[in-house]
Amino acid sequence: MENLHALFSDAALQEAWQKVRSKGKSGGIDNISITEFESDLAKNLKSLRAEVIAGNYVPEPYKLFFIEKENKPKKELRPLALMTIRDKITQHVIALHYSPLFEKKFIDTSYAYRSGKGHPKAIARVADFLNRKFTFVANLDIDNFFDTINRKTLFNACSEWFSQPEILKLLEMWVLTGFVHHGKYIKSETGIAQGGVLSPLLSNIYLHPLDQILFDNAISNVRYADNIILFGKSKQEVLARKKFVADFISSQLSLRLNDSAGDAVSVSDGFDFCGINFAEGKRSIAQAKLLQIKTKIKTNIQKHDIKTALELLKETFDGLNRYYSPYDTEEQLAEIRQTFTNSLAAKIINLLNQKVIKNEQEVHALLKNFPQIIFGDSGNKLFIKSISGTIKGIKSGTRTNGEILGNEHPSGSISPQPSAPPATGEEVATSAPLTAIKDHEKEARRLVEKKRKVYYNKFVASLDLMVSGNFAHIGKAGGKIVIRREGKIVAETFAGKLTSLIISSKGATISSDAMRLCMENNVSVCYFDELGKPYAVVFPVASGANSVSTAQARAAGTVTGRRIVQSLVWGKISNQIALIRYLTKNKNLSAEQAATISKSLVEMEAILKKVAALPVSTSAENYRNILFGHEGSAAVSYWSALKMLIPPGYGFTVREHQNAANVVNQMLNYGYGILYSKVLAAAVVAGLNPNIPFLHAEVKGKPALTFDLIEPFRPVVVDRTVLSILSRSSGFSSKSGKLPDDLRKKIASKVLARLYSEVKYKGHTMSVNDILILNSKQIAAVLKEEEKTYKPYVMKW
């Protein structure tokens with residue numbers, strides 16, 4: 001651990017902090033800003049250092065959000081990801097230490113993200129190659145580079161560049177960590193994320209083998225991030241080199257060239273690279289880049305207030321002076337400045353007319369602190385005069401503001417740098433599975449998964465809003481559902497984040513606006529009595545219910561219906577057996593407990609075989625009666641076993657369904673009510689008619705299909721949860737057959753947590769609630785003859 005002590009010294013952390021502070025970017029998922037972090041800087045840095053050195057540091061997920069892409073004919077969104085201040089500092093420590101060391105190893109034809117290199121020197125190197133009489137070039141672009149980096153290849157490469165296991169674990173955690181969007185954790189499966197301080201360094205490490213083999217084979221090139229330009233003395237030579245690159249990155253780096261990768265072009269015809277056009281011995285701004293810059297200026301000034309627009313355009317004008325002024329661009333830069341002048345002048349006139357600003361001097365004050373618009377114009381004094389002149393010209397009618405009102409909307413990126421790391425949280429094709437994973441990588445995966453579960457649990461806890469206690473009012477405020485009691489807000493959440501609103505409260509009222517907001521966001525509103533019995537569920541009109549009603553009604557008396565019933569009963573008994581085995585695994589049992597449980601399991605296994613062997617040729621009525629008999633016999637054995645596991649102080653002797661007197665039965669019934677509402681919702685989502693059952697008898701006014709579908713999930717979701725509550729607490733009681741409010745809240749929250757817990761199912765990780773919906777959809781597919789059989793979920797123990 002000595003390396004971490006030296007690497008994360010107080011001086012190194014201070015230097016990294018200054019880097020983060022100077023950029024002034026927003027914080028991440030913890031919502032801690034630079035100002036807040038700085039308010040207790042010494043303590044925060046000390047805490048961070050202690051975590052890293054002790055091996056307890058785990059990065060937070062990226063905060064994912066989307067911004068609208070500019071210059072697109074149709075609305076498109078660009079994903080952006082933000083890191084927390086702590087994570088930025090930690091990555092900067094690594095970057096600041098290792099980047100200078102690796103400079104000695106990198107090949108000199110690589111120019112992006114390197115100290116002393118950069119865009120101007122890349123352009124100069126291209127010009128140098130042209131002076132050597134190369135007559136053909138090919139401009140290549142690696143397709144979706146940052147998103148498709150193969151992590152196995154990256155981790156193997158990192159193990160050669162970073163020798164310490166502790167550093168490798170940090171790198172792997174940063175690569176593996178996911179994103180949070182609207183509270184939901186999104187796993188990061190491939191590539192490396194934008195927003196990572198280390199992403200540029202890792203990208204150069206990943207492409208170093210390409211740089212090396214091009215150097216070894218004397219293939220003249222310049223690489224700027226994922227853009228590569230190849231040089232040759234003939235078209236055939238350049239095409240051969242292009243093929244060499246394509247084959248190498250495919251076989252060794254799991255990458256591919258973009259389909260638009262350039263063909264071999266004669267230098268005399270001119271070509272573009274990194275936003276620069278090389279033609280007739282001159283270097284100017286490429287026409288596509290020029291149009292993008294002008295459109296970005298106009299769009300930002302049109303869409304935002306002036307202060308925000310200038311803030312967003314700072315980097316653009318800084319880049320214009322830095323990147324483009326050394327070239328043959330005087331006329332183009334004047335054209336860009338004129339676009340800026342006309343756009344800003346028109347905006348100022350509009351604001352003056354609307355009396356948003358008193359005079360143009362308010363804007364002049366902002367421009368004084370803006371980057372130089374005209375090179376060498378300190379404080380933008382000349383530009384301010386130009387703006388004033390343009391405003392006078394527009395007002396007098398001698399100049400037009402038409403340019404700002406134009407409708408140029410070219411497609412493509414508008415950022416000044418063509419190859420910055422992409423902003424992405426989007427999933428791409430999964431890379432090959434990792435083999436021979438090192439211990440530090442296993443530990444990185446374990447810690448990232450542990451962090452993911454923290455955010456996942458936060459997310460699922462927000463999916464259902466429960467209203468309990470008496471005389472609550474449910475209203476709407478903007479996009480939020482707001483719960484008030486005695487005029488005070490007791491809970492509120494955005495409707496778009498909810499799946500259900502659960503009302504278990506006497507005298508509760510809900511406004512029509514709140515109800516409409518729920519329906520518009522597909523939030524089911526579920527009503528329960530004090531015993532946990534659901535008596536109403538409200539769905540949106542266009543919920544999809546009854547889309548297979550005819551097939552469902554017909555199947556109830558056919559072989560298809562009998563097979564569905566058989567699967568449901570088989571699934572229920574299988575899960576009852578699985579739960580008993582799970583609860584007794586590694587548990588010290590008394591002789592009486594062991595004997596009773598063993599006997600119950602033998603009986604249930606025998607019944608399960610009978611259910612599986614029951615011929616579907618049996619008449620529908622007899623078939624149902626036989627299955628009911630098997631289900632009842634299995635239930636007797638099941639509850640006999642569970643009675644041995646319930647603390648004796650609760651006096652549980654037999655399962656009671658309606659009007660239960662025993663508190664354990666009341667807890668179970670309340671839990672089933674919560675589950676019932678989710679089963680009903682799943683049936684509706686799947687297009688099943690809740691009123692047409694397969695196993696239970698049709699009852700007027702009751703969605704009897706829900707009684708069928710709930711069966712396999714009772715042991716998995718409710719029984720397991722209630723027994724867990726009983727084993728961890730004691731002294732639960734009820735009054736007049738009703739559970740106290742705090743216990744009802746506890747049961748509801750724990751049942752919902754179990755429902756949203758993640759399990760492996762058919763090779764995928766998904767929540768039990770997702771499986772419930774999937775199983776309902778499978779039944780609908782069987783009814784529509786899209787699938788042959790329905791296989792219920794069986795719990796792993």
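Mentor: Begin with side-chain directions. In strand 18, Ser524, Cys526 and Phe528 point one way, Val525 and Tyr527 the other way, and all are buried. Buried means under 20% relative accessible area, exposed over 50%, partly exposed in between (1.4 Å probe, protein chains only). This is a predicted model, where local features need pLDDT of at least 70, side-chain atom pairs count only at pLDDT 80 or more, and totals for chains, interfaces and linings use all residues. Residues are numbered from 1 along each chain as its sequence is written, and side-chain values use heavy atoms, with hydrogens and water left out.

Trainee: Why is strand 18 largely enclosed?

Mentor: 5 of the 5 residues of strand 18 (524-528) are buried, so the rest of the structure largely encloses it. Strands (E, at least two residues) and helices (H or I, at least four) are DSSP runs, numbered from the N terminus.

Trainee: Which strands pair with strand 18, and in which sense?

Mentor: Strands of a sheet pair through backbone hydrogen bonds, either parallel or antiparallel. Pairing here requires at least two DSSP bridges between two strands. Strand 16 (500-504) pairs with strand 18 in the parallel sense over 4 bridges; serine 500 stands opposite serine 524. Strand 19 (534-538) pairs with strand 18 in the antiparallel sense, also over 4 bridges. There, cysteine 526 stands opposite valine 537.

Trainee: What is the order of the open sheet of 4 strands?

Mentor: The order is 6-7-3-8, with antiparallel pairing. Strand 6 (221-224) and strand 8 (265-266) stand at the edges with a single partner strand each, so one side of each lacks a neighbour in the sheet.
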